[in-house]
Each structure stands twice: as structure tokens, then as C-alpha cells.
Amino acid sequence: MAGCALAGQAAQAQAPAWPTKPIKFVVPFGPGGANDLVARTVAEQAAKQLGQTIIIENKPGAGSMLGADLVAKSAPDGYTFLAPAAGVITNAMIKSRMPYKEEDLVPVVMMAVSPSVIVVPADSPIKDLKGLVAASKSGQGLNFSTAGTGSTPHFVAEMLNLKAGAKMQIVPYKSGSEGMAAVVGKQVDVTSEASPVVLPQIKGNKLKPIASTWNRRIAALPDLPTAEEQGFKDIVIGHWSGVFAPKGTPEAILDKLNAAVNAALKSPELRAKLIPMAIDPVGGSREDFKKFLATEKARLAPIAKAAQMRED
């Protein structure tokens, strides 16, 4: 038995330390968005912890499924990871066919969250969330732009309809930026987008913020009450981003990457870059991330079903 133990220790000592070459984070969106920004900022700092470069590969398309499918079918060797947003759990709620199984992607760590902000044109008479709901109940309702079926803005609109009795007419766009531009141009009445996307338009007096939809106020907009503070406790959602690995990736690698990302999220350089853009670093254990995902699935699935969200 002692000989076996020594042999096992020798094998471990001879095993190459991870990582021995550059790592890849696949971002299932185009460059320039909040998710891409978070992934690049975290990768830069986490690379310092690991002693290897972390390369960002943008793989947009099919509501983030192209990038997710690529990683799900990659070798579980610790050199390919996914840096997605909520679509990694909501796609299965709205699509009849998935190219991979949900369990093919393993949660590693939550990186950050950008609170969603409900906005109207700057000169709109609507001042708060109660006023928005009341205005929607007159006539044909209000036109609410989204970033497509199953997007975070779509969930906000349906939460308002299902939980607050609002009458929001969904107007899908290809991206959150396009949906926001439609509000600025008054093609639609209202939208909800990630705080980094709308913050410049708010500061430029082109949009008026009505409420944030996260569980605390936004540091960059300290005077903006949350939906819960305005009496709408069920209007809660954020634009979060995390890291996932292909199923079968060694536990030791998952733990080491988790630790590296957590250290990165505490670095002054990262916080100085993300926090002023209203992006909150999160971090936490692998188990913390799993619990968050389970809670989000349980909360959002009934909304997707009640709203009959469908996309193929």
C-alpha cells in the first residue's frame, strides 16, 4: 500500500502544472459590449495570477449559442472557457432545440453584474415606476424595446406585465444598443438596459432613468431608487457575466481559475475600470455561482412560460 501511495505521489509530481500555455475565454457576443468589456478586464488581471496570457475570442450568434456550443464541445483540458451572460441559462427556456446539453457547461465563477436601468426619453412626463405602469394602462399601452426574445430587457418588460399589471408592447431589436437608440429617437416609449449602456445617455440628458432593477442602488446613480424601493419587489434582474468550463475539466483547474478570477476582481486596477462604468465585480465560490444560477432559473422559467417566449 505504501508503494502505491508513493507511486501516486510521484505521478502527481510529474504531472505538468496548469496552465502551461495561453488560455482562451470565448465571449459569445461581439466586441465592445458590457460582457466583452468584463471578460477582457478580468482576463487581463487573472492572467497575472496564473502566469499565462488569457486570449479573448468573440463568437457571436444565435443568442450566444454559437459560442456556448463551441466551448461545450471543446476538450476539457483547462484551456478553453466560456464567458457568457444570462442566455446560457435562458436559451433552454425559449428554444425548442439546443445543440448541447445544459450539463455540458460547468459553472466556475461569477465575474460581475451590471444592474439594468429602466429608461424613458429625457423629456417624458413619466417620473417613476408607478407613473410608467399607470401610463402603460391607457390606450394601446407603451412600446418597450428589447434586445430580442429572451434578452434581459425582454424579461424586464414581461415582469412589468405579469407582476405589475403593466401593458407593455414588446418591440424586439437586434441589440441592446439599438433598443436604447430607439428610445432616444422616440421610436419607442421605454426600455431597460445594462447600466454601462445607458449611463452615457443619462448623463448626456438624452434618457431619463426611472428605476434600477437590481437588489441595490447603482453607485454611479446613487439617487435612482430600485424597483423594490418603489414598491415593485418582483422586478429584479441584472446583466451578469460569469465563466463556465467544458464538462470533465479537472476540479483542481476549476478551483485554481476560480481563485485567480476572485483575486482579479479585488485588484485596484480592475475596480477602477469597472465600478465607474456601473459594473459591480462579484466573485465568490463555485458553489455560490451554482446557487445563483439555480435561483435565477427557478425565478425566470415561470416568466418565460407565462409570457410564451419562443425563439427557434
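**Close-up 1. Helix 4 packs against helix 11 in this predicted model.** Helix 4 covers residues 87–94 and helix 11 covers residues 286–306; their axes lie 10 Å apart, at an angle of about 30°. The crossing of the two helices is right-handed. On the helix 4 side, look for Ile 89, Thr 90, Met 93 and Ile 94, which meet Leu 293, Glu 296, Lys 297, Leu 300, Ala 301 and Ala 304 of helix 11. Sorted by type, the residues of this contact are seven nonpolar, one polar and two charged.

**Close-up 2. Phe 25 and Phe 81 form an edge-to-face pair.** This is one of four aromatic pairs in the structure. The ring centres are 6.2 Å apart, with 75° between the planes. Phe 25 belongs to strand 1 (residues 23–27) and Phe 81 to strand 3 (residues 80–82), so the pair ties together parts 56 residues apart in sequence. Phe 25 is buried, at 0% relative accessible area, and Phe 81 is buried too, at 0%.

**Close-up 3. Trp 240 meets Phe 289 edge-to-face.** Here the ring centres are 5.9 Å apart and the planes stand at 80°. Because Trp 240 lies in strand 9 (residues 238–246) and Phe 289 in helix 11, the pair links parts that are 49 residues apart in sequence. Trp 240 is buried, with a relative accessible area of 2%; Phe 289 also counts as buried, at 2%. Widen the view and you will find one aromatic cluster made of Trp 240, Phe 244, Phe 289 and Phe 292.

**Close-up 4. Lys 21 sits over the face of Tyr 79.** The distance to the centre of the Tyr 79 ring is 4.7 Å.

Key: Residues are numbered from 1 along each chain as its sequence is written. This is a predicted model: local features need pLDDT of at least 70, side-chain atom pairs count only at pLDDT 80 or more; totals for chains, interfaces and linings use all residues. Side-chain values use heavy atoms; hydrogens and water are left out. Axes are lines fitted to C-alpha atoms, for helices over the stretch in contact, and angles run from 0 to 180 degrees between N-to-C directions. Helices (H or I, at least four residues) and strands (E, at least two) are DSSP runs, numbered from the N terminus. A crossing is left-handed if the near helix is turned anticlockwise from the far one by less than a right angle, and right-handed if clockwise. Contact means heavy atoms within 4.5 Å. Ala, Val, Leu, Ile, Met, Phe, Trp, Tyr, Cys and Pro count as nonpolar, Asp, Glu, Lys and Arg as charged, and the others, Gly among them, as polar. Rings of Phe, Tyr and Trp (its six-membered ring) pair if their centres lie within 6.5 Å; planes under 30 degrees apart count as stacked, over 60 as edge-to-face and the rest as tilted. Buried means under 20% relative accessible area, exposed over 50%, partly exposed in between (1.4 Å probe, protein chains only). A charge sits over a ring if NZ of Lys or CZ of Arg is within 6 Å of the ring centre and within 35 degrees of the ring normal.
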